[in-house]
Amino acid sequence: MNHRIAVLPGDGIGPEETAAAVRVLSAALPSCVFTEAAVGGAAIAAHGTPLPDETLAVARESAAILFGAVGGNGFEHLTPDKRPEAAILGLRKVFGLYANVRPSFAYPGLESRSPLRAELVRGMDLVIVRELTGGLYFGPKSLEPEDGVLTARDGLVYRDFEIERIARFAFDLARTRRKHVTSVDKSNVLISSQLWRRIVTDVARDFPDVTLTHMLVDNAAMQLVRDPRAFDVVVTENMFGDILSDEAAMITGTIGTAPSASLGAAPSIRAFGLYEPISGTAPDIAGRGIANPSAAILSAALLARFSLGEPDAADRIERAVAGALAEGPRTPDLDGDAGVSTQAFTDAVLARLTPIAVA
Ligand code: IPM
Ligand code: MG
């Protein structure tokens, strides 16, 4: 049976990265069939809107979305709902992708790239489970005069079921790992965080084999740089997760190897999902063929695991990327002047892809 995949390259380095990921995924799983569609700034240019109906239709007919990045200059005059970023927020909302899985893994050989001392980073292996369809991103917004004063509001809203399902997702995921969940909130100030903490504590009762720690978000930002290896699964509100996942990625030595999966069902269920590097468009290097495609290729591995039910292909892709990163050659972000092109690095990954196991 063929696996239908929607490819949404988007802007900046998105097209280069997704092209590399498509090459590796089709080599690992020849049954994948890819359909490309426009998104973000590229879609605004071609269709006048960041998330055209045709793109949504392609996504609806697919098992998963392989997504590049959206954003860029020249859209600052547009309101948030018309900007390239509205496409990714719209896809998350339309498909109910409430759980964003962001692994931060210290690849052997890259520890010296970390802003932290290598010995603090070696062995770091954590996953941030970011709530993705609620919180500050999707609360009521307004910009209007109040009592003669121009006032902007972004509301932070959580409903009990939204907290419960993301907590369950995190505990389920922890059962496949080291069985430790850190729930990050700001319950000393925010009432939404108080509800968050209460519900996460309730959910934990159904997972007696998993250890739960609560942590305030400012302390979590500090503990991440003090001892990143102490974390296994971190579950947190949308905005906190956006910020902490960039921090965690950088600690591994580069944001260029950080993939993500956005899902709407428990991690054990084979379901539709959206897969993207967490890094964004990197406009400074876009179009030069030197972007590090690791994050996109690793996102394709997550796609194989979570949406296609192909864990063997996922493992093979992840091993091939780890091997290529350890032995080089690497792209310039990791290797300076000696760095090779996106394509040459992808070739190195393909060369390490072990053949499909025959049962
Ligand atoms: C991310 C990005 C997006 C977000 C932007 C592009 C809207 O930063 O996926 O982390 O804030 O969610
Ligand atoms: Mg972000």
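What volume does the largest pocket have? In this predicted model, where local features need pLDDT of at least 70, side-chain atom pairs count only at pLDDT 80 or more, and totals for chains, interfaces and linings use all residues, residues are numbered from 1 along each chain as its sequence is written. Chains are lettered from A and ligands numbered from 1 in the order in which they are written, and side-chain values use heavy atoms, with hydrogens and water left out.

**First stop: the pocket**

The volume of the largest pocket is about 450 Å³. Select Pro 103, Asp 125, Arg 177, Arg 305 and Glu 318, the closest to its centre of the 22 residues that line the pocket. A pocket is an open set of points on a 1 Å grid over the protein atoms alone, with protein on both sides within 12 Å along at least five of seven lines; a cavity is a set where a 1.4 Å probe fits but cannot get out, and lining residues have an atom within 4 Å of a point. A volume is the space filled by probe spheres set on the points, which are joined across faces, edges and corners.

**Second stop: the cavity**

The structure holds three cavities of 30 Å³ or more. The largest cavity contains about 50 Å³ of space. Select its lining, which includes Leu 156, Tyr 158, Trp 196 and Phe 240. Helix H7 gives the largest share of this lining, three residues; helices (H or I, at least four residues) and strands (E, at least two) are DSSP runs, numbered from the N terminus.

Select Val 24, Leu 25 and Ala 28 in H1, which meet Ala 313, Arg 316 and Ile 317 in H11. Contact means heavy atoms within 4.5 Å.
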